Structures are given as structure tokens and as C-alpha cells.
Amino acid sequence: MKKYNRIILILALTLASCSTTKFNKSMSIEKIPAIVHLDDKSPTFSGNVEVQMLFSEKNHEPSRLTGAEVKFNPRARSAWHTHPRGQLLVVTEGEGIVQEWGEPARKISKGNVVWTPPGVKHWHGACADKFVKHYALQEKDSNGKNVIWMEKVSEEEYEKAAKME
């Protein structure tokens with residue numbers, strides 16, 4: 001499974017550094033930034049979350065691809081949000097929950113690949129007693145946005161989802 005995850009990451013990095021016509025035609029090697037630790041004070045997450053940006057579209061024109069490795073500790077989760085051009089999650093460790101607005105919550109675990117189409121309101125996070133780690137890949141739209149954040153998932157919404165796992 002690690003080999004599969006690395007292939008996806010390499011493919012994403014390759015796409016991010018693809019170039020055509022007037023763009024830089026040389027490879028670039030960059031250092032991955034430090035992990036950012038977020039908690040309940042964040043407007044976009046609840047609980048303890050670690051985000052490590054792996055790459056962005058900066059210096060990779062014409063690509064608009066962005067990617068991060070995200071770890072949700074038990075009970076941690078994102079706020080409700082959408083992605084203008086969709087999102088691909090590759091679950092690399094643990095077990096978690098995804099939920100589309102108006103639909104039942106669904107369990108995710110290591111080895112799952114989750115595609116969320118453009119504009120679909122959803123959230124994702126960890127199970128009540130387990131962490132989950134995934135790669136999050138999404139493209140920025142013509143306005144430079146790759147996510148539109150909304151309200152936080154309430155405790156009641158989370159509890160209901162956690163019972164369905």
C-alpha cells in the first residue's frame with residue numbers, strides 16, 4: 001500500500017511540475033514546509049489537526065494543483081466546505097469519517113481513495129477513538145481558490161456521524 005501511495009504522490013508532483021510553451025521547463029526541488037498544528041481556535045477545524053503542505057501551484061505554472069498531508073487526531077474534523085474543482089483524498093493511515101451534506105456519514109480507512117466532485121458540501125475527520133491521515137489533492141480555480149470554508153461541524157452532527165461508523 002505504501003508503494004501505491006507513493007505512486008500517487010509522485011504522479012501528483014509530476015503533474016504539478018508539468019509545463020508547456022512559455023513556462024519554466026526545468027525541474028524544481030523544494031523543501032516541504034513545517035507541519036502546522038491547528039486546534040479548536042481554528043475557524044476551519046475542530047480538535048487537533050496537523051497540516052503539512054506538500055506542494056502548491058506556486059512556481060509550477062501552468063499547474064493549479066495543491067496538496068497536503070493532513071492528520072486528524074481522534075474526534076478532530078474539518079468544517080463543512082466545498083472545492084471549486086473537486087478534491088481527492090488518499091487515506092494512508094488510520095480510520096475516519098466523510099460526510100456529504102444531506103447524506104449519511106461514511107467510514108474511510110487506509111487504502112481508500114475518496115473523490116469529492118466540485119461544489120459538493122462535505123466534511124472529513126477522524127473517528128472518535130482513532131486518528132486518520134490522508135493526502136488531500138485539489139486544484140485552484142481561476143480565482144485562486146481551492147476550498148470554500150463554511151460553518152463548523154457541530155458536536156451533534158459529529159456524534160451522529162461517529163455512531164454510524
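Biologist: Which is His 134, buried or exposed?

Modeller: The model is predicted: local features need pLDDT of at least 70, side-chain atom pairs count only at pLDDT 80 or more, and totals for chains, interfaces and linings use all residues. Numbering starts from 1 along each chain as its sequence is written, and side-chain values use heavy atoms, with hydrogens and water left out. Buried means under 20% relative accessible area, exposed over 50%, and partly exposed in between (1.4 Å probe, protein chains only). At a relative accessible area of 1%, His 134 is buried.

Biologist: Which side chain does the side chain of His 134 join in a polar contact?

Modeller: Not counting residues up to four places away in sequence, His 134 touches residues including Val 70, Phe 72, Leu 89 and His 124, contact meaning heavy atoms within 4.5 Å. A polar contact is a pair of N or O atoms within 3.5 Å; within protein, one must be able to donate a hydrogen and the other to accept it, and residues adjacent in sequence count only if both atoms are side-chain atoms. At 3.5 Å, the partner of His 134 in such a contact is His 124.

Biologist: In which element does His 134 have its place?

Modeller: Elements are DSSP runs numbered from the N terminus: helices are H or I with at least four residues, and strands are E with at least two. The protein has two helices and twelve strands, in the order α-β-β-β-β-β-β-β-β-β-β-β-β-α. His 134 falls in strand S11.

Biologist: What separates the C-alpha atoms of His 122 and Gln 99?

Modeller: His 122 belongs to strand S10 and is buried, with a relative accessible area of 4%. Its side chain has a polar contact of 3.4 Å with that of Gln 87, and among the residues that His 122 touches are Trp 80, His 81, His 83 and Gln 99. His 122 and Gln 99 are 23 residues apart along the chain, yet the separation of their C-alpha atoms is 5.4 Å.

Biologist: Which residues have the most contacts inside the largest nonpolar core?

Modeller: A nonpolar core is a set of buried Ala, Val, Leu, Ile, Met, Phe, Trp, Tyr and Cys residues joined through side-chain atoms within 4.5 Å. The largest one has 15 residues, and the elements giving two or more residues to this core are strands S3 (49–55), S4 (65–72), S7 (87–100) and S11 (132–139). Leaving aside neighbours within four places in sequence, Val 70 is in contact with residues including Val 49, Val 51, Val 132 and His 134. The residues with the most contacts inside the core are Val 49, Val 51, Val 70 and Phe 72.

Biologist: How many residues make up the second, separate core?

Modeller: In soluble globular proteins, nonpolar side chains tend to be buried together. Here the second core includes Val 153, Tyr 158, Ala 161 and Ala 162, and its residue count is nine.

Biologist: Within what arc do the buried residues of H2 fall, seen down its axis?

Modeller: Helix H2 covers residues 155–164, and its buried residues are Tyr 158, Ala 161 and Ala 162. They line one face of the helix because, by the directions from the helix axis to the C-beta atoms, they fall within an arc of 100°.

Biologist: Which exposed residues sit on the face of H2 turned away from its buried side?

Modeller: The cover over the buried residues of H2 includes strand S5 (77–78), S7 and strand S10 (122–126). The face turned away from the buried side carries Glu 156, Lys 160 and Lys 163.

Biologist: Which is Lys 133, buried or partly exposed?

Modeller: Lys 133 forms a salt bridge with Glu 93, the closest N and O atoms being 3.7 Å apart. The pair links strand S11 to strand S7, 40 residues apart. Glu 93 is partly exposed at 34% relative accessibility. At 18%, Lys 133 counts as buried.

Note on methods
A salt bridge is a side-chain nitrogen of Lys or Arg within 4 Å of a carboxyl oxygen of Asp or Glu.
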